[in-house]
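Please examine the model shown below before reading on. The explanation that follows moves from the overall build to individual elements and contacts.

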Amino acid sequence: MKIRVWINQKEYQDEIAPDTLLLDYLRAKGCYSVKRGCDTSNCGLCTVWLEGKPVLSCSVLAVRAENQHVVTLEGMQEEATRFGTLLAQEGADQCGFCSPGFIMTVIAMKKELDHPTEEDVKAYLAGNLCRCTGYMGQMRAIKRYLEVE
Amino acid sequence: MKAVNQAIPKIDSMALVTGKPVYTEDLAPANCLVVKVLRSPHAFARILDIDTRAAIKLPGIACVLTHKEAPKHRFTVAGQSYPELSPYDHLILDEYVRYVGDAVAIVAGETESIVNRALRLLKVSYEVLEPVLDFTKAMDHPSVIHPEEDYENMVEIGSDRFHNLVSSEGFEHGDVDRELAESDLVIDREYHTRANAQAMMETFRTYTYYDHNSRLNVVSSTQVPFHVRRILARALGISASEVRVIKPRIGGGFGAKQSVVSEIFPALVTFITKKPAKILFDRYETFSSSNSRHEMQIRVRIGASKEGAIRAIEVNTLSNTGAYGEHGPTTVGLSGHKPLPIYNQANAFRFQSKVVYSNTMPGGAFRGYGATQGFFAVETAINELAAQLGMDPIALREKNMVRVGERMPAYYGEVLSSSALDRCLVRGKELIGWKEAFPSRLVSPTKVRGLGMAMAMQGSGISFVDTASAEVRLHDNGYYTLQIGATDMGTGCDTILAQMAADSLGCDLHQIIVHGVDTDNSPYDTGSYASSTTYVTGNAVIKACAQLVEQIKEAGAELLELSKQAVEFDGDRVFSLQEGKEISLNELAQRLVFGSNRVLSGTAAHSSPISPPPFMTGFAEVEVDLETGKVDLIQYVGVVDCGTVINKNLARLQAEGGIVQGIGMALFEDIQYNERGRMINNSFMQYKLPSRLDAGTVMVEFEESYEPSGPFGAKSVGEIVVNTPCPAIAQAVYHATGVWVRDLPITPEKILRELRETR
């Protein structure tokens with residue numbers, strides 16, 4: 001079926017199979033930051049924004065994005081660099097495979113929550129798994145990021 | 001030192017945090033055939049027939065491969081130095097399937113959906129055999145898992161495969177029986193550690209193609225490119241010179257990618273069809289068709305005087321290697337060789353081990369590599385001894401632990417050349433608030449907090465075996481390339497090796513361009529495992545840089561028309577103060593590509609006759625709900641002696657990450673099978689990884705020692721950090737509840753059951 005969707009502000013019109021997942025559609029469009037880490041909506045690696053809200057692109061059909069705006073890390077380079085630099089300064093990027101989805105969620109959290117506590121941050125990000133860092137370095141980077149503005 | 005011992009971001013960081021396409025899947029060409037594997041539904045069966053006719057007829061299907069088409073060269077998938085200690089018990093596709101999830105057939109086609117359809121059309125008839133599902137009964141079981149005639153051991157490892165015994169080994173120092181008989185107190189306990197999934201975020205993946213020279217190129221998420229090259233060549237029956245392996249960025253490994261897991265399938269497809277091919281394991285497949293931490297049953301006996309002087313320790317390990325023997329004979333050794341030497345004041349040690357096959361997913365390498373299992377058993381037994389003696393567990397350790405300058409009979413007779421273990425104990429005790437909170441305190445009518453601790457060591461590479469080489473080359477712009485065969489899998493080894501090179505050459509970090517790994521270009525390295533990279537590859541980098549410095553001085557002296565002895569090199573220029581002459585590195589580099597007969601390049605290899613142990617102490621505070629048995633980790637303190645800390649951030653992250661993996665192993669992680677041998681928790685929905693809600697507060701500090709044989713005084717840090725949480729948390733739970741849980745993970749059910757039984 002035919003869809004029209006905006007990815008990182010650019011309009012696309014495509015003929016796709018009805019069961020195409022947003023994750024696969026985005027990768028096919030060259031958004032390689034979007035990673036698949038599981039098959040059960042548990043890891044958070046594939047997080048993108050749909051109409052400004054973080055969603056797991058593995059659990060959204062591409063057709064659900066019809067006439068909507070999708071943002072991936074490719075469309076968020078400036079903010080990704082800002083937070084990513086803080087993450088790197090903690091050494092908390094490590095393998096980096098969970099970073100895009102994690103960073104998309106962190107930026108969404110900053111937009112959504114006003115002065116979150118450490119517990120708020122943990123709860124908001126509970127769905128973003130990381131096997132390398134043990135989460136502490138990520139938290140140090142988030143604290144500095146929230147302090148900045 | 002300008003770069004070493006600093007907190008420097010990883011040199012590849014910005015590409016990773018901005019989501020650049022740098023991983024295997026991102027780089028695979030669009031025209032790759034999609035490769036998938038049909039998996040066995042049976043734990044043990046012989047394939048009688050595979051009807052591929054309907055599948056092969058589907059438009060877009062390139063090939064359907066069964067054991068009939070696959071090469072018959074038996075090999076091990078273990079990424080170890082040749083000759084491997086792991087048995088040659090694998091074929092790419094075999095007539096027998098030996099666990100649920102074992103490979104039955106390979107299908108390659110143009111799209112994923114067509115390949116999925118073809119997989120559903122394959123008709124396989126099996127002769128189902130009686131599986132061995134309880135590894136403790138494997139040796140007496142009537143089923144023989146590996147009866148094949150071409151089974152081969154490269155090295156004598158004490159095997160008896162017709163009794164499902166992969167290997168057996170042991171050692172004894174002193175007279176254990178006499179010491180135990182004369183001890184005031186003997187602790188005799190059995191512990192059980194479970195199979196755990198490495199669960200790196202990037203699943204297994206590989207793509208393959210033939211290049212313009214008709215050579216098989218393999219781009220793969222692997223920790224061991226050179227081993228992959230050798231193993232693939234053997235499995236396919238071709239020369240290793242026909243195979244090239246490239247490692248891009250890797251999304252974590254933790255040992256899982258120290259085995260050839262995904263490479264063999266697209267390699268065979270490309271070998272047969274000559275077309276590019278790729279395979280991406282999904283998460284289910286990664287859980288149930290790869291490898292895990294070896295499940296072990298470990299009996300520990302400790303004899304001590306009533307004053308707490310340990311006289312003898314005996315460790316007896318039975319390890320479950322699952323359906324294939326990769327890493328089985330080697331991991332088990334660490335369950336004895338790592339925990340025993342730390343109690344060096346004992347008079348006698350004995351270690352005995354057996355590794356057995358069963359029809360479950362194979363074990364493999366997972367951070368800690370058997371030491372983690374051994375430390376849970378021995379450190380818990382030590383903690384049980386402290387409880388029986390009524391002695392502070394820290395004091396008990398201080399009385400019995402190894403000190404610098406001592407020969408360690410249980411550690412291949414090595415002499416301990418560096419240790420800050422004593423300081424790690426003192427500092428950890430302060431940080432956790434041991435004096436105030438030991439052993440436990442009631443925080444509500446139903447909740448108790450308890451403290452626990454443990455200590456551990458690991459090695460720094462495999463002595464006499466691991467071999468790393470490095471090449472550092474001066475370019476015409478005054479920059480250097482550092483070629484390494486060590487594999488950065490997110491740990492940051494490209495960065496720490498560049499730091500070492502920068503300080504060795506007296507230049508800025510940004511003047512070093514790190515390149516790895518491509519087996520056609522990179523110098524040989526056994527790969528990133530066994531806590532070897534910092535120590536072994538680091539030493540190779542230092543040697544290569546020292547060679548290059550000599551060459552720079554020689555070339556500079558020639559241009560200055562001085563003798564080599566008369567000049568110095570400070571990183572920026574070659575000069576002689578006495579003669580008042582100098583030439584900058586830039587100018588020198590330029591002159592070397594203009595009518596020159598010189599190339600400046602240092603290449604060196606390093607192997608070590610010793611494996612100096614890093615040390616660590618871990619302290620846990622848990623809160624146990626006595627009504628539900630639920631355990632919350634409140635805080636964890638880790639104090640690490642890895643010698644000189646090369647990169648303060650990256651070492652800290654290694655420690656924090658390793659501790660949280662250990663917390664997962666202690667409290668949640670447990671690969672389980674049903675009565676037919678099917679893994680029942682093969683997803684993140686069912687297999688619990690620690691999330692950020694489960695990790696409590698983890699605090700890490702370093703107590704540096706200086707290892708004389710290490711690069712800039714460094715030892716390893718990668719694996720040591722996973723070893724303390726299991727025993728420390730087990731003791732903290734005991735202090736909170738009075739219950740020892742000796743069978744991991746420490747679940748609410750086990751705590752409640754024990755509590756009810758003791759009441």
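The paragraphs below treat the chains, their domains, the nonpolar core and several elements in turn.

This is a predicted model, in which local features need pLDDT of at least 70 and side-chain atom pairs count only at pLDDT 80 or more, while totals for chains, interfaces and linings use all residues. Residues are numbered from 1 along each chain as its sequence is written, and chains are lettered from A and ligands numbered from 1 in the order in which they are written.

Chain B has 19 helices and 29 strands; helices (H or I, at least four residues) and strands (E, at least two) are DSSP runs, numbered from the N terminus. Along the principal axes, the C-alpha atoms of chain B fill a box of roughly 90 × 75 × 50 Å. The radius of gyration of chain B is 27 Å, which agrees with the value near 27 Å for a compact globule of 759 residues; this radius is taken over C-alpha atoms, and the globule rule is 2.2 Å times the number of residues to the power 0.38. Of the 759 residues in chain B, 61% count as buried. A residue is buried if 20 or more other C-beta atoms lie within 10 Å of its own, exposed if 12 or fewer, and partly exposed in between, with C-beta atoms placed from the backbone. Among contacts in chain B between residues at least 6 apart in sequence, 79% join residues at least 24 apart; two residues are in contact if their C-beta atoms, placed from the backbone, lie within 7 Å.

The domain assignment of chain B gives domain 1 (31–129 + 198–288), domain 2 (131–196 + 292–416) and domain 3 (468–606), with bounds that come from an automatic or database domain assignment. The centres of domain 1 and domain 3 of chain B, taken over C-alpha atoms, are separated by 39 Å. Their contact takes 20 residues from domain 1 of chain B and 14 residues from domain 3 of chain B. On the domain 1 side, helix 6 (225–236) and strand 11 (243–246) of chain B each supply at least two residues, and helix 6 of chain B provides the largest share, 4 residues. That side divides into 6 nonpolar, 10 polar and 4 charged residues. Here Ala, Val, Leu, Ile, Met, Phe, Trp, Tyr, Cys and Pro count as nonpolar, Asp, Glu, Lys and Arg as charged, and the others, Gly among them, as polar.

Chain A is divided into domain 1 (2–74) and domain 2 (76–148), whose C-alpha centres lie 21 Å apart. The contact between them takes 16 residues from domain 1 of chain A and 15 residues from domain 2 of chain A.

The two chains also meet. Their contact takes 42 residues from chain B and 41 residues from chain A. Helix 17 of chain B gives the most to the chain B side, with 8 residues. The chain B side divides into 22 nonpolar, 11 polar and 9 charged residues.

Which residues have the most contacts inside the largest nonpolar core? They are Ala501(B) and Val733(B), in a core of 296 residues. A nonpolar core is a set of buried Ala, Val, Leu, Ile, Met, Phe, Trp, Tyr and Cys residues joined through C-beta atoms within 7 Å. The largest share of this core, 11 residues, comes from helix 15 (residues 533–560) of chain B. Leaving aside neighbours within four places in sequence, Ala501(B) is in contact with residues including Tyr480(B), Val541(B) and Cys545(B). Leu505(B) lies in helix 14 (residues 493–505) of chain B and counts as buried, because it has 23 C-beta neighbours inside 10 Å. Leu505(B) and Cys545(B) are 40 residues apart in sequence but 6.3 Å apart in space, C-alpha to C-alpha.

Strand 15 (residues 348–357) of chain B has 9 of its 10 residues buried, so it is largely enclosed by the rest of the structure. Strand 7 (residues 165–173) of chain B pairs with strand 15 of chain B in the antiparallel sense over 8 bridges, whereas strand 14 (residues 310–322) of chain B runs parallel to strand 15 of chain B, joined by 10 bridges. Two strands pair if DSSP finds at least two bridges between them. Within strand 15 of chain B, Arg350(B) is the bridge partner of Glu172(B), and Ala348(B) is that of Ala312(B).

Helix 9 (residues 328–337) of chain B is likewise largely enclosed by the rest of the structure, because 10 of its 10 residues are buried. Its buried residues pack against strand 7, strand 13 (295–304), strand 14, strand 15 and helix 10 (371–389) of chain B.
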